[in-house]
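Please read it alongside the sequence and the coordinates.

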Amino acid sequence: SKPKIIQFACTCQGASGIAQGLSYTNFTYYALDHLGNVYSWGSNTYGQLGINSTGGSQHYAKRIDPVRFGNEPVFYITAGGTNYGHAFAITGTGKCYGWGANSYGQLGTTDTNDRPAPESLTTMNGNNLYQKTVVHVVTTDWYSSSYPQCHTLFLTSTGEVFAAGYARGHGEYIGVYQSTANQNITNPTKLTDHPAANEKVLSVYLFGSSHIAQSYLITEGSGGRRLAYSFGNNATGQLGRTTATTSPASASGQFANGTSDESWFCRQIKYRDYGDTELATSAVTGANETIGYSNELSGGSTIWYGSQAGTQWRPMGNPCAFFCDSDGYYNYSTVVMIDSRGTCWTCGQEVLNQGVNMSSRTNSTGGSAYEWYFARWLQQPEQGVGFMFNSYNTITQSYTFLGESGTVYVGG
């Protein structure tokens, strides 16, 4: 009988890979069926087909021998790297396998040797993921053919996040501080300024290429309280914590921001609410806005929902999911977060005016309108249950929003 396919993956997963790789043909594709079998086809330059050979290509989908995964069913696959393809698979018991290109240590195999067949990280002696249960993996495409570096984030069942691959700068894009610039992290390493042990990371989001990556985490603490954290590129305020910043060129400069929200390393994001009745010409003052962390804005009386006079209130919901239009090539992006009450929040490069009036809030680095905190959408038609960007380039951005009534809205 024919397999029932439940997931696809491609080494050219994002717009940066597509835009910069159109003149190349070294893409590889993967499919996962309901029985846990993995299929691959396409380029095999670096062994990314996972068939224990390199070179050539495969023009049809062929199952990777299950013995490569310890004869265990696979439940998740992902891939990246564009023309320098690499891939990962996670089995039902949490074993994590990586294969393909590994020039920057992005496979997390403790070296930079390519792998022509899946290799287990969680059974590898000396690997920091040894005997850990991996529940999710996210990885990057390249930035361009001149900058093909990649990195990967691994989430374990205990809520810890590890990173491997190219650490551009002093590690601010990958989330692991490095005293020497532009190093490869070959052994998965726990994030610098990782959320506290009592804040279990539930989900990880990685957007862009290793050259300008930004990442977001959602954690769960005592009583089910959920918080959100960010790290990486903040050139247009997309980390949602404070003003847009450039990454310090020196290790000492980056370290100096170590206790500040301006640090590009892992910090809790902040939210801002201007109130539904704000007009395009009104000034933003302490009288009609609220800024704080999600745990500070969820009490019911500290976040605006209706009039600024305070006649209506709505507590903030728990962070649920992040969406980003980053194409991995340009140094700006817009980010949207949906909370558990279906409210949309946005930050970063603001060209859509997604209900947030940006006309009077421009920064001093070129005049573009940036939102530096996650600001609640104004005039949101109804609570949302889904969102997607229809394009990856902020300049030509559009989006689709799904309301809880089933109505589909478009904008941009």
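The secondary structure of this protein, taken from a predicted model, consists of two helices and 25 strands. Of its 412 residues, 58% count as buried, and 51% of the contacts with a separation of 6 or more are between residues 24 or more positions apart. The protein exposes about 16000 Å², of which carbon and sulfur atoms supply 49%.

**Strand 11 and its partners**

- Strand 11, covering residues 161-167, has seven of its seven residues buried, so the rest of the structure largely encloses it.
- On one pairing, strand 11 runs antiparallel to strand 10 (residues 151-156), to which it is joined by five bridges, and within this pairing Leu-153 stands opposite Ala-163.
- Strand 10 and strand 11 form a hairpin with four residues between them, and in the turn Gly-159 has a positive phi of about 85 degrees.
- Strand 11 is also joined by five bridges to strand 12 (residues 183-190), again in an antiparallel arrangement, with Phe-162 having Lys-190 of strand 12 as its bridge partner.

- The structure holds eight salt bridges, and one of them brings together the side chains of Glu-160 and Lys-190 at 3.2 Å, N to O.
- This pair links distant parts of the chain, since Glu-160 belongs to the loop between strand 10 and strand 11 whereas Lys-190 belongs to strand 12, 30 residues apart.
- Lys-190, which is thus both a bridge partner of Phe-162 and a member of a salt bridge with Glu-160, is partly exposed, with a relative accessible area of 37%.

- Arg-225 forms a salt bridge with Glu-199, their closest N and O atoms being 2.6 Å apart.
- Arg-225 lies in the loop between strand 14 (214-220) and strand 15 (226-232), and Glu-199 in the loop between strand 12 and strand 13 (200-207), so the pair ties together parts that are 26 residues apart in sequence.

Note on methods:
Residues numbered from 1 in each chain as written. Predicted model: local features only at pLDDT ≥ 70, side-chain atom pairs only at ≥ 80, totals over all residues. Heavy atoms only, no water. Buried < 20%, exposed > 50% of the residue type's maximum accessible area, 1.4 Å probe, protein only. Contact = heavy atoms within 4.5 Å. Areas by Shrake-Rupley, 256 points an atom, 1.4 Å probe, with all protein chains shown as cover. Pairing = 2+ DSSP bridges. Salt bridge = Lys/Arg side-chain N within 4 Å of Asp/Glu carboxyl O.
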